[in-house]
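Could you walk me through this structure, starting with the chain as a whole and then zooming in on a few side chains? I'd like to see what surrounds them.

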Amino acid sequence: FNANGKRRFGLRVTETSEVLSIKPLNLEAVDDPRFVNHGWCTNSSAEVCDHLRTQVFATLAGSGRELVDWTALSEDPEMDHAHLYYMGMNSVLVRCLRDTVYYIQRTERNSAFFLTHRELINASCNGYPDSGAGVVPWLAFQVTPGSPQISVPPAAAGNAGELVFIARFFNMIVAPAVECTICLEEFANKYEDQFTACAATESGVLPCAHPICTTCLKNAFSSNTLGMTCPTCKQHFPNFFLQRGKSGRMMIAEKVGPPVL
């Protein structure tokens with residue numbers, strides 16, 4: 001913390017063991033290319049939020065879910081980005097805010113906020129040391145109702161900044177039921193953080209956010225064979241495979257460790 005209460009990054013200089021105190025606004029993210037979500041969003045945050053309200057949230061009649069665009073707030077140079085970040089995470093503790101989703105899109109003016117997100121996420125990563133998150137094109141707080149979880153596009157998604165992907169991603173989380181993209185039958189949505197790195201769930205959703213029912217999963221993919229190609233968009237995901245979960249149901253899992261290059 002600075003004397004004015006705002007946070008800085010502490011960077012240790014290995015040769016001297018001294019620590020430099022630097023403002024987030026004076027730093028630029030340099031990511032391992034394996035973890036970069038390629039490109040920026042193809043639409044403005046206002047256009048994205050308008051589309052999500054009409055195509056996703058409007059279908060949740062009576063749910064009380066609301067979408068708020070925090071992008072302009074994150075661009076404010078006077079904003080304490082770490083404070084804003086934790087406000088989004090902890091808003092779940094306030095009863096009247098639990099149904100509100102906060103969306104922030106990466107722009108040229110809020111790179112410090114997304115750098116703060118990357119460092120805070122990686123600092124709490126207890127998994128493989130090379131599995132940290134890169135700077136993402138957008139993120140959202142409380143997409144999963146009543147959860148402090150931060151929703152970000154999967155690193156394996158090559159079109160994470162496209163409007164059609166963002167809408168499909170949000171729908172996969174908030175919709176009570178989704179349609180299998182192969183047989184077109186509806187199945188219950190059991191979203192359980194299936195897009196998080198090093199996670200495995202009983203949800204048939206690839207990183208491209210195309211849902212697949214359990215029956216079609218078993219017909220389309222071989223168990224425990226590394227590498228999956230989406231039957232709909234043809235994107236290939238070399239680190240993903242189909243396996244049987246603890247409950248006995250088939251699920252999509254991601255290999256723990258560095259991505260296959």
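Here is a short tour, from the whole chain down to single contacts.

First, the ground rules. This is a predicted model, in which local features need pLDDT of at least 70 and side-chain atom pairs count only at pLDDT 80 or more, while totals for chains, interfaces and linings use all residues. Residues are numbered from 1 along each chain as its sequence is written, and side-chain values use heavy atoms, with hydrogens and water left out.

Of its 261 residues, 44% count as buried, where buried means under 20% relative accessible area, exposed means over 50%, and partly exposed is in between (1.4 Å probe, protein chains only). Take the contacts with a separation of 6 or more: 58% of them come from residues 24 or more positions apart, a contact being heavy atoms within 4.5 Å.

Now look at strand E4, residues 100-105. This strand is mostly covered, with 6 of its 6 residues buried. In a regular strand, side chains alternate between the two faces of the sheet. Here Thr-100, Tyr-102 and Ile-104 point one way, and Val-101, Tyr-103 and Gln-105 the other. E4 pairs with strand E3 (residues 66-69) in the parallel sense over 4 bridges; strands count as paired if DSSP finds at least two bridges between them. Tyr-103 is the bridge partner of Asp-69. E4 also pairs with strand E5 (residues 138-141), this time in the antiparallel sense and over 4 bridges, and there Ile-104 stands opposite Leu-139.

What does the side chain of Gln-105 meet? One polar atom of that side chain lies 2.7 Å from the backbone oxygen of Asn-43, and a polar contact of 2.6 Å joins the side chains of Gln-105 and Tyr-103. A polar contact is a pair of N or O atoms within 3.5 Å; within protein, one must be able to donate a hydrogen and the other to accept it, and residues adjacent in sequence count only if both atoms are side-chain atoms. Gln-105 is buried, at a relative accessible area of 4%. Leaving aside neighbours within four places in sequence, its contacts include Cys-41, Val-48, Phe-114 and Trp-138.

Move on to the loop between E4 and helix H4 (111-123), where you'll find Thr-107. Thr-107 is buried too, with a relative accessible area of 15%, and its side chain makes a polar contact of 2.7 Å with that of Glu-75. Arg-109 sits in the loop between E4 and H4, and Glu-75 in the loop between helix H2 (71-74) and helix H3 (81-90), so the pair ties together parts 34 residues apart in sequence. Glu-75 is buried at 17% relative accessible area, whereas Arg-109 counts as exposed at 57%.

The whole structure holds 2 salt bridges, each defined as a side-chain nitrogen of Lys or Arg within 4 Å of a carboxyl oxygen of Asp or Glu. Another joins Arg-53 and Asp-50, with the closest N and O atoms 3.2 Å apart. Arg-53 and Asp-50 are separated by about one helical turn, because they are 3 residues apart in helix H1 (residues 45-55). Arg-53 is partly exposed at 32% relative accessible area, and Asp-50 is partly exposed at 45%.

Definitions and conventions:
Helices (H or I, at least four residues) and strands (E, at least two) are DSSP runs, numbered from the N terminus.
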